[in-house]
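Try each task before you read its solution.

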Amino acid sequence: MLTNKFFLIMSLIVLVAAACSPLSGGQNGTINVIASTTLIADTVQRVAGDRVNASIIYPAGTDPHSFEPRPQDAAAIADADIVFINGLGLEENLEGLLGNARLVVEVSEGITALEGEQGHDAEDEHAEEDADEEEHEGLDPHVWQDPNNVIIWTNNIAATLAEKDPANSTEYRANADAYIAELQALDSWIVEQVQQIPEDRRLLVTDHETFAYFAERYGFEMVGAVIPGVSTGSGVSAQELAAIENEIRSLGVPAVFVGNTVPGNIAAQVAADTGIQVMPLYTDSLTEAGGPASTYLEFMRYNVSAIVDALK
Ligand SMILES: [Zn+2]
């Protein structure tokens, strides 16, 4: 570890020394890449192979919506050759730092974004006043719940790496194409799995509104979210809780799905009040390496299997 740290410090010194010359990308064999989320880092790794070691801002299992950047995040962002972010408002808490980055790439560029039911800043009392200033206000950032959107991420990442490191562009493209084939196979597998659930039972109640892209692609209805809005910051009033509990009872929804990045206490309350099952899912983050959802492919297979088991 000490040796690693020593080399990290040495390479930072070299980077600072090289800062006045144009960045040469892969000429020295490595590009210093940061990804905001574990999901984006996984995609970068699939495209770049071992040519890039992507560092991650939001550690595995943390909630991106309530994350507060640490001093080392500011330094890492300023030092990176490329910072890959999701966009669509997910990284609002990094806004002050991204201005110091050399290159920020929104991997979701080109995806048709869905409207969030409430603004991402629903907890912010001034959200309405600020709405005009925020380009992405109210859009749903959870695009990765549809593998077809991760195909767009993959293409965007491959194009960026190829531009930064043209000498290895053929390899990035080939890696991207191989991964896209796996994502297409995943999509077909999900379509098949979902057939096991009777159509009138394809109903999702989740903790916050993470599954709109999944619901749209695979024919589910989002009955409601226990925490309203596409962020986790907004609280829930007694009336809102009563309303969703009534809806759960009248529709006969068998389960509420709760992500790994939010506290499950409100969902547990709903489950206790209505007698339905609480099913844990992975929503906004992968697990640590070795966990049950340490890659995007595992993450989606885990979630789909859990949803099918609970609803079929
Ligand atoms: Zn979320």
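## Exercise 1: A residue in α11

Leaving aside neighbours within four places in sequence, Y296 is in contact (heavy atoms within 4.5 Å) with L39, D42, W144, Q145, D146, P147, V150, Y179, L183, L186 and L286. Before going on, note that this is a predicted model, in which local features need pLDDT of at least 70, side-chain atom pairs count only at pLDDT 80 or more, and totals for chains, interfaces and linings use all residues. Residues are numbered from 1 along each chain as its sequence is written, and side-chain values use heavy atoms, with hydrogens and water left out.

Task: find the element that holds Y296, and decide whether Y296 is buried or exposed.

Solution. 
- Step 1. Y296 sits in helix α11; helices (H or I, at least four residues) and strands (E, at least two) are DSSP runs, numbered from the N terminus.
- Step 2. Y296 counts as buried because its relative accessibility is 1%. Buried means under 20% relative accessible area, exposed over 50%, and partly exposed in between (1.4 Å probe, protein chains only).

## Exercise 2: The zinc site

Task: list the donors of the zinc ion and name the arrangement that their angles give.

Solution. 
- Step 1. Take as donors the N, O and S atoms within 2.8 Å of the metal (3.2 Å for Na, K and Ca); water is not among the atoms, so sites may look incomplete.
- Step 2. The zinc ion is then coordinated by H65 (NE2), H142 (NE2), H208 (NE2) and D284 (OD), at 1.9 to 2.2 Å.
- Step 3. Along the chain, these donors follow the spacing H-x76-H-x65-H-x75-D.
- Step 4. Two of them link distant parts of the chain: H142 belongs to the loop between α5 (127-130) and α6 (147-164), and H208 to the loop between β5 (203-206) and α8 (212-218), 66 residues apart.
- Step 5. Both H142 and H208 are buried.
- Step 6. The 4 donor atoms subtend angles of 97 to 123° around the zinc ion, so the arrangement is tetrahedral.

## Exercise 3: Two helix pairs

Task: how do α2 and α7 cross, and how do α6 and α7 cross?

Solution. 
- Step 1. Two packed helices are described by the angle and the distance between their axes. Axes are lines fitted to C-alpha atoms, for helices over the stretch in contact, and angles run from 0 to 180 degrees between N-to-C directions.
- Step 2. The axes of α2 (residues 38-48) and α7 (residues 169-194) come within 7 Å and cross at roughly 125°. That makes α2 oblique to α7; angles under 35 degrees count as roughly parallel, over 145 as roughly antiparallel, 65 to 115 as roughly perpendicular and the rest as oblique.
- Step 3. On the α2 side the contact uses D42, T43, R46, V47 and A48, and on the α7 side Y172, N175, A176, Y179 and E182.
- Step 4. Sorted by class, this contact has 5 nonpolar, 2 polar and 3 charged residues. Ala, Val, Leu, Ile, Met, Phe, Trp, Tyr, Cys and Pro count as nonpolar, Asp, Glu, Lys and Arg as charged, and the others, Gly among them, as polar.
- Step 5. For α6 and α7, the axes come within 9 Å and cross at roughly 175°. These helices are therefore roughly antiparallel to each other.
- Step 6. The contact of α6 with α7 has 13 nonpolar, 5 polar and 2 charged residues.

Technical notes: Four donors count as tetrahedral if all angles lie between 85 and 135 degrees; four count as square planar and six as octahedral if opposite donors are over 155 degrees apart and all others between 65 and 115; anything else is irregular.
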